[in-house]
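Okay, everyone, thanks for coming. Let me put the model on the screen and walk you through it.

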Amino acid sequence: MNVELIELRDDRVRFLLTGVTPAFANAIRRSCIAEVPKLAIDEISIYENTSVLFDEQIALRLGLVPIRADDLSVYSTPDECQCGGIGCPGCRIDFMLTAEGPATVHSRDIKFSDPSVRAAFDNIPLVVLGEGEKLVIEGFATLRTGKEHAKWQAGTLCGYKNLPSIEISGCNNCGRCVKVCPRGVLVLDENDSIKVRDITECSLCRLCVEECDQRAISVVPLEDAFIMSIESDGSINAKDLVRMAAEELKKKALALQDTLASIS
Ligand code: SF4
Ligand code: SF4
Ligand SMILES: [Zn+2]
């Protein structure tokens, strides 16, 4: 297996994964979506809500606010916490949200008891309060995974595609494939020869193949090479998301190994 970085941002990583099966690439993708734990607001108590939104709408909006912690490892999921899931500072982070109109209430107004925990983005609008309207809410966030509910899904847009292989032979440099390519993958160089600008941008649409009456270009997917594209919701940076997803897969593989060893 080989990994080659294509693009790295806080919220997005693209990398080339080669020498693996489609099942392995898909396991990484699924692990990013469903197995990596993140914080999300779990339960709330609404003491006052005179805004135009129903309590349920406010609850839904709060649940979907991505929450970031400086160090996620200090928290346990309720199932794994030493309190047995009853609720304690190790598995719950309390918060308060109080506001009075006229004002727009934003994600930054959610104040957590742990100062190292905050909304991943300051400016997510939650509700607009008119003159004299009030909001008084308290609740707590917990650490869980996307397989329990989408609000604990750290990986949002996670996908992969086979790495294309483009071969050109017997070309008369007519340039028709360049014009038809929707992704700008093919270009004419200074000698008017066809060149591949960036193979990772190719969508395997094969429009260039259909356009070429010389049968000079072929585009095929490589069976064991994948361009992985992983995007985070902001609660975890994308690099850590992939690292944690791989760790979760490793844990499962080791658990399977132990189980098999115990019955053999
Ligand atoms: S359409 Fe075919 S012949 Fe024309 S430039 Fe492209 S590969 Fe070459
Ligand atoms: S397969 Fe589609 S995206 Fe790829 S080079 Fe050909 S036209 Fe462009
Ligand atoms: Zn606990």
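So, Arg 14 counts as buried, at 11% relative accessibility; buried means under 20% relative accessible area, exposed over 50%, partly exposed in between, with a 1.4 Å probe and protein chains only. Before I go on: this is a predicted model, where local features need pLDDT of at least 70, side-chain atom pairs count only at pLDDT 80 or more, and totals for chains, interfaces and linings use all residues. Residues are numbered from 1 along each chain as its sequence is written, chains are lettered from A and ligands numbered from 1 in the order in which they are written, and side-chain values use heavy atoms, with hydrogens and water left out.

Back to Arg 14, then. What is Arg 14 in contact with, leaving aside its neighbours within four places in sequence? The list includes Leu 5, Glu 7, Glu 201 and Met 228, with contact meaning heavy atoms within 4.5 Å. Arg 14 sits in strand β2, residues 12-18; strands (E, at least two residues) and helices (H or I, at least four) are DSSP runs, numbered from the N terminus.

β2 belongs to an open, antiparallel sheet of 4 strands, ordered β1-β2-β14-β11; two strands pair if DSSP finds at least two bridges between them. β1 (2-8) and β11 (155-168) are at the edges with a single partner strand each, so one side of each has no neighbour in the sheet. Between β11 and β14 (217-232) there are 11 bridges, and Glu 167 has Ser 218 in β14 as its bridge partner. Helix α1 (22-34) lies across β2, β11 and β14, at about 155 degrees to β11. For angles, axes are lines fitted to C-alpha atoms, for helices over the stretch in contact, and values run from 0 to 180 degrees between N-to-C directions.

Now the other sheet: 4 strands again, open and antiparallel, in the order β3-β10-β5-β7. Its edge strands are β3 (38-49) and β7 (111-112). Across β3, β5 and β10 (134-144) lies helix α2 (55-63), at about 155 degrees to β3.

Last stop, the zinc ion, ligand 3. Which residues are its protein donors? They're Cys 81, Cys 83, Cys 88 and Cys 91, each through SG, at 2.2 to 2.3 Å. Donors here are N, O and S atoms within 2.8 Å of the metal (3.2 Å for Na, K and Ca); water is not among the atoms, so sites may look incomplete. Along the chain the spacing is C-x1-C-x4-C-x2-C. And Cys 88 is buried, at 18% relative accessible area.
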